[in-house]
Amino acid sequence: MLGGAQDPEKLNPRKLLKYFLELSKDRANVSDEVVIRRIISSVYFALFNYWSLKTYLKGLRGNGPLRDSFRFKVFNEDLLKQGLDYAVFTIYSRRVAVDHYTLNPTKVELTSQPWNKVKIEVKINDAVLERVLNSAFDILEYLEKY
Amino acid sequence: MLTTKNFYIGIERSFQDAKNSVLLNNEPIYSSRLSMEFTTEQRAVLTLRQSYNALRKLEEKDVITMLKHFTKAEEVIDYIVKLGFLDLRKLASLVVWLTNTLELKVTDISFAQDLETGELLFVEIYIEDCGWDEWKLLSRIVKKQLVSEGFDDVAGRVALICWEGLKTQRS
């Protein structure tokens, strides 16, 4: 048996988020773009991992040999139903920017279809990091009760 | 830009207006070129469900035409239709409700895809004149209403996006 003995709290990212919050208070860290990019990327996946394990332990199944791989779509849907649109979109759009785009500021398209016209201008800076962390704590508050 | 307090008061008033059947005027709430008109009674108590029931009387092509009115790239609606991602009438009823009951300005409808897999993640509805604090409030209020009226599927597949709320300062 694969999930029953697992403690979902072992993937609770609260300590990590607090650590990032402390890091972000140091001007030297938030002036380093690599640090900001890696924090934003890991925030999204830390929340996703926590949600995935909790979802698995609820008895739901995803893909993969152990059926423990869930889709982003299902994760986003769950959060959007809670009215966390601002948090989901903020973290997701920034995650795409830091992982898929190299210029700063840049223009992000959240679609692979070339005819879609929506382009979001994203700056990767301390203010964006603050928004991402605030959003992450709001999502986490929901996930801890999930 | 609206302040959070005024925004909240505006939304509360809109709900109250609907609840109390207060009419602002006797005009149809929607442009006739969209092939859709509500009676004054319907405007008075326009809930999401009522909006949806009115839209169910329209042919799909009329609903598609209406939705295209709100998007900058008409192909977006065609793509959502092609994938069958959402009940179009439910999506349209949300747009009607946002614009008429909450009196918000919808500036675009688009969608987000997973860039690694191409999977459609959610439909985006862009709203004008709405900052970060208003965005947080609006998201929660609208999604709560959607779920309470049985539109859970729309609640999970649509993201409301406040364009102003995306902006950040500092550098």
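Predicted model: local features only at pLDDT ≥ 70, side-chain atom pairs only at ≥ 80, totals over all residues.
Tutor: Residues are numbered from 1 along each chain as its sequence is written, chains are lettered from A and ligands numbered from 1 in the order in which they are written, and side-chain values use heavy atoms, with hydrogens and water left out.

Student: Why is Asp85(A) called buried?

Tutor: Buried means under 20% relative accessible area, exposed means over 50%, and partly exposed is in between (1.4 Å probe, protein chains only). Asp85(A) has a relative accessible area of 0%, so the residue is buried.

Student: What does Asp85(A) touch?

Tutor: Contact means heavy atoms within 4.5 Å. Leaving out residues up to four places away in sequence, Asp85(A) touches Leu80(A) and, in chain B, Trp135(B), Ser139(B), Lys143(B), Val158(B), Ala159(B) and Leu160(B).

Student: What makes Asp85(A) and Lys143(B) a salt bridge?

Tutor: The rule asks for a side-chain nitrogen of Lys or Arg within 4 Å of a carboxyl oxygen of Asp or Glu. The closest N and O atoms of Asp85(A) and Lys143(B) are 2.7 Å apart, and the pair forms a salt bridge. Because Asp85(A) lies in helix 5 of chain A and Lys143(B) in helix 7 of chain B, the pair joins two chains. Helices (H or I, at least four residues) and strands (E, at least two) are DSSP runs, numbered from the N terminus. Both Asp85(A) and Lys143(B) are buried.

Student: How many salt bridges cross the interface of chain B and chain A?

Tutor: The rule finds five across that interface. One of the salt bridges in the model is between the side chains of Asp138(A) and Lys136(B), at 3.7 Å from N to O. Over all chains, a search of the whole structure finds 21.

Student: What is the area buried between chain B and chain A?

Tutor: Buried area is the accessible area (1.4 Å probe) that two parts lose on being put together, summed over both. Between chain B and chain A this comes to about 3,700 Å², with carbon and sulfur atoms giving 57%. The contact involves 42 residues of chain B and 40 residues of chain A.

Student: What makes strand 1 and strand 2 of chain B a pair?

Tutor: Two strands pair if DSSP finds at least two bridges between them. Strand 1 and strand 2 (residues 120–127) of chain B have seven bridges, in the antiparallel sense. Asp108(B) stands opposite Tyr126(B) in strand 2 of chain B. The hairpin has six residues between the strands, where Gly118(B) takes a positive phi near 80 degrees.

Student: Why is strand 1 of chain B called mostly covered?

Tutor: Strand 1 (residues 106–113) of chain B has eight residues, and seven of them are buried.
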